[in-house]
Amino acid sequence: MATMTTINVRTSAETKKAAEELFEDFGLSMTSAINVFLKQVIRERRIPFEIGYETPNELTAKVLKETEEGKNLSPVYHSVSELMDSLHA
């Protein structure tokens, strides 16, 4: 059996309580859930979920604005043959 060690993590009481309640619904303890996370990180060699901001970066914001204004949009095709005709033009 592997040698066990302890990890101390600081978090708010609210975060801990909400996580414990959710893990309990999954049938997991906090320790089991954290171990699942750590093993997944090791297996995938990355954080196993996307980390990002809610606000888009400058390029994405520009593209979203142009889309809302109807700029730089692809034409609408009503059939495959219409699309193919456009591609062969």
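How many positive and negative side chains does the protein have, and how far apart do the centres of the two sets lie? The protein has 10 positive and 14 negative side chains, and the centres of these two sets are 10 Å apart. The legends below describe a predicted model.

**Figure 1. Overall view of the predicted model, a protein with four helices and zero strands.**
Read along the sequence, the secondary structure follows the pattern α-α-α-α. The radius of gyration is 24 Å, well over the 12 Å that the globule rule gives for 89 residues, so the protein is more spread out than a compact globule. The C-alpha trace spans about 70 × 30 × 25 Å along its principal axes. Buried residues make up 3% of the 89 residues, and the protein exposes about 8700 Å², of which carbon and sulfur atoms supply 57%.

**Figure 2. Close-up of the aromatic pair formed by Phe-37 and Phe-49.**
A search of the whole structure finds one aromatic pair. The ring centres of Phe-37 and Phe-49 are 6.2 Å apart and the ring planes lie at 35 degrees, so the pair is tilted; a pair would count as stacked if its planes were under 30 degrees apart, and as edge-to-face if they were over 60. Phe-37 lies in helix H2, whereas Phe-49 lies in the loop between H2 and H3, so the pair ties together parts that are 12 residues apart in sequence. Phe-37 is partly exposed, with a relative accessible area of 32%, and Phe-49 also counts as partly exposed, at 48% relative accessibility.

Arg-45 is exposed, with a relative accessible area of 77%.

**Figure 3. Close-up of the polar contact between the side chains of Glu-66 and Asn-72.**
Glu-66 lies in helix H3, while Asn-72 is placed in the loop between H3 and helix H4 (80-87). The polar contact between the side chains of these two residues has a distance of 2.9 Å. Glu-66 counts as buried, because its relative accessibility is 18% and the cut-off for buried is under 20%. Asn-72, by contrast, counts as exposed at 68% relative accessibility. The phi of Asn-72 is near 55 degrees, a positive value in a residue other than glycine.

**Figure 4. Close-up of Lys-71 and its polar contact with Glu-69.**
Lys-71 is found in the loop between H3 and H4, where the residue is partly exposed, with a relative accessible area of 46%. The side chain of Lys-71 makes a polar contact with the side chain of Glu-69, at a distance of 3.1 Å.

Key. Residues numbered from 1 in each chain as written. Predicted model: local features only at pLDDT ≥ 70, side-chain atom pairs only at ≥ 80, totals over all residues. Heavy atoms only, no water. Helix = DSSP H or I, 4+ residues; strand = E, 2+ residues; numbered from the N terminus. Rg over C-alpha atoms; globule rule 2.2 N^0.38 Å. Buried < 20%, exposed > 50% of the residue type's maximum accessible area, 1.4 Å probe, protein only. Areas by Shrake-Rupley, 256 points an atom, 1.4 Å probe, with all protein chains shown as cover. Lys, Arg positive; Asp, Glu negative; His and termini not counted. Charge placed at Lys NZ, Arg CZ, Asp CG, Glu CD. Polar contact = N/O pair within 3.5 Å; in protein donor to acceptor, adjacent residues only side chain to side chain. Phe/Tyr/Trp six-rings, centres within 6.5 Å; stacked < 30°, edge-to-face > 60°.
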